[in-house]
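Subject: Structure handover

Hello,

Here is the structure I promised to pass on. Please open it first, then read my notes below.

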Amino acid sequence: MDHAIELVPDAHNFSTNVYPLAPVEQKQLDKFLDENLKIQCICPLKSPMAPPVFFIKKKDGSLHLVQAYQKLHAMTVKNAYPLPLIPDILNKVSKAKAKYFTKLDVHWGYKNVCIKEGDEWKATFWMNQGLIKPLVMFFGFMNSLATFETMINHIFKELIHEGVVTIYMDDILFFRSQTKEQHCGIVV
């Protein structure tokens, strides 16, 4: 399943100025580029649209790269795929009376989803080293959560219907086991 970026009919191209970066931010940007170019999550590109990038500080003091996709989001068709409701998840798990649970967090969840071929140019971002197109879905795209939730629910559809798995974003909970052997059979 690929992440499509569908634009509204009256969408128009845009471009903005590059934001200046502090030396520590430039070092972090260089690291991001090196890592993601190496694993082929991004590549250079020309595009008629390109928002800038900037950094925000996380609680631990490290820096997080952000693409300023507000203009792209304003002209993207919204996907209304619903997230599961927490009370529904809690009810399902409590009714199961399970004794064993396994919780998984999908590693690099969004980076496991490619951007639909032909849509990459829409997600291109701009920085002092040129334009970069993402080949995978980074956190922050409009509809990325809906795309990921659709994909993960499709992958685990049978186990969800069987009532032994519940999923919330990139967190997967296996349950409904009375014995360790049953549980290991579900998880494996």
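Helices (H or I, at least four residues) and strands (E, at least two) are DSSP runs, numbered from the N terminus. On that basis the protein chain has six helices and eight strands. Their order along the sequence is α-β-β-β-α-α-β-β-β-α-α-β-β-α.

How to read the numbers: this is a predicted model, where local features need pLDDT of at least 70 and side-chain atom pairs count only at pLDDT 80 or more, while totals for chains, interfaces and linings use all residues. Residues are numbered from 1 along each chain as its sequence is written, and side-chain values use heavy atoms, with hydrogens and water left out.

**Confidence**

pLDDT is the predictor's confidence in each residue, from 0 to 100. The chain has a mean of 88, and 98% of its residues reach 70 or more. Among the elements, α1 has the highest mean, 94. Helix α6 (residues 180-187) has the lowest, 72. Where pLDDT is low, the predicted coordinates should not be read in detail.

**Overall picture**

The C-alpha trace spans about 60 × 40 × 25 Å along its principal axes. Of the 188 residues, 39% are buried (buried means under 20% relative accessible area, exposed over 50%, partly exposed in between, with a 1.4 Å probe and protein chains only). Contact means heavy atoms within 4.5 Å. Of the contacts with a separation of 6 or more, 71% join residues 24 or more positions apart.

**Helix α1**

Start with α1, residues 23-38. The expected span of a helix is 1.5 Å times one less than its number of residues.

Which residues of α1 are buried? They are Glu 25, Gln 26, Leu 29, Phe 32, Leu 33 and Asn 36. These cover an arc of only 120° around the axis, so they sit on the same side of α1 (the arc is that of the directions from the helix axis to the C-beta atoms). An α-helix has 3.6 residues a turn, so residues three or four places apart point the same way. The buried residues of α1 pack against β1 (42-44), β2 (53-57), β3 (63-67), β5 (125-127) and β6 (130-134). On the other side of α1, Pro 23, Val 24, Lys 27, Asp 34 and Lys 38 are exposed.

**Two positive phi values**

Most residues other than glycine have a negative phi. Gln 40 is not a glycine, yet its phi is positive, about 60°. Gln 40 is in the loop between α1 and β1 and is exposed, at 61% relative accessible area. Asn 143 also is not a glycine and has a positive phi, about 75°. Asn 143 lies in the loop between β6 and α4. At 13% relative accessibility, Asn 143 counts as buried.

**Ser 144**

Ser 144 is in helix α4 (residues 144-155). Ser 144 is buried, with a relative accessible area of 5%. A polar atom of the Ser 144 side chain lies 2.8 Å from the backbone oxygen of Phe 141. Beyond its neighbours within four places in sequence, Ser 144 is in contact with His 3, Tyr 110, Met 137 and Phe 138.

Best wishes

Technical notes:
Polar contact = N/O pair within 3.5 Å; in protein donor to acceptor, adjacent residues only side chain to side chain.
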